[in-house]
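Colleague: I am new to reading protein models. Could you walk me through one, feature by feature?

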Amino acid sequence: MEKIYQVTYLCDSHDPNPIVKTFDEWYEMQDYITEEVERRVQFFVDHSPYMVTEKERADQEQLEYSLIQIKEV
């Protein structure tokens with residue numbers, strides 16, 4: 001039996017319509033998560049009206065990872 005991984009990525013903690021994707025391979029899921037988190041963190045940095053410190057960037061990355069749920073289906 002093949003494992004299929006479902007990733008649910010919320011925009012914020014009250015997101016009524018999160019992004020839901022499924023992956024056949026673990027590495028594909030990991031690649032997607034890594035790229036999407038980096039994209040969102042970079043958007044945060046690029047659109048901040050203030051200079052973002054490394055700590056703020058790391059905090060934002062942590063926040064993004066907290067919005068992801070992974071389950072096998």
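**Reading the fold**

Modeller: Start with the parts: the chain has two helices and three strands. Keep in mind that this is a predicted model.

Colleague: Which pattern does the chain follow along the sequence?

Modeller: Reading along the sequence gives β-β-α-α-β. The C-alpha atoms fill a box of roughly 50 × 25 × 15 Å along the principal axes.

Colleague: Which residues make the contact?

Modeller: From α1 come Ile33, Thr34, Val37, Glu38, Arg40, Val41, Gln42, Phe44 and Val45. From α2 come Glu56, Arg57, Gln60, Glu61, Glu64 and Tyr65. Sorted by type, the contact of α1 with α2 has six nonpolar, three polar and six charged residues.

Colleague: Now a single residue. Is threonine 8 buried or exposed?

Modeller: Check its relative accessible area; buried means under 20%. Threonine 8 has 12%, so threonine 8 is buried. Threonine 8 sits in strand β1 (residues 5–9). Beyond its neighbours within four places in sequence, threonine 8 touches Pro18, Ile19, Val20, Leu67, Ile68 and Gln69.

Colleague: How much of the chain is made up of buried residues?

Modeller: They account for 29% of the 73 residues. As for the surface, the accessible area of the chain is about 5,700 Å², and 53% of that belongs to carbon and sulfur atoms.

Conventions: Residues are numbered from 1 along each chain as its sequence is written. This is a predicted model: local features need pLDDT of at least 70, side-chain atom pairs count only at pLDDT 80 or more; totals for chains, interfaces and linings use all residues. Side-chain values use heavy atoms; hydrogens and water are left out. Contact means heavy atoms within 4.5 Å. Helices (H or I, at least four residues) and strands (E, at least two) are DSSP runs, numbered from the N terminus. Ala, Val, Leu, Ile, Met, Phe, Trp, Tyr, Cys and Pro count as nonpolar, Asp, Glu, Lys and Arg as charged, and the others, Gly among them, as polar. Buried means under 20% relative accessible area, exposed over 50%, partly exposed in between (1.4 Å probe, protein chains only). Accessible areas come from the Shrake-Rupley method with a 1.4 Å probe; for residues, only the protein chains shown count as cover.
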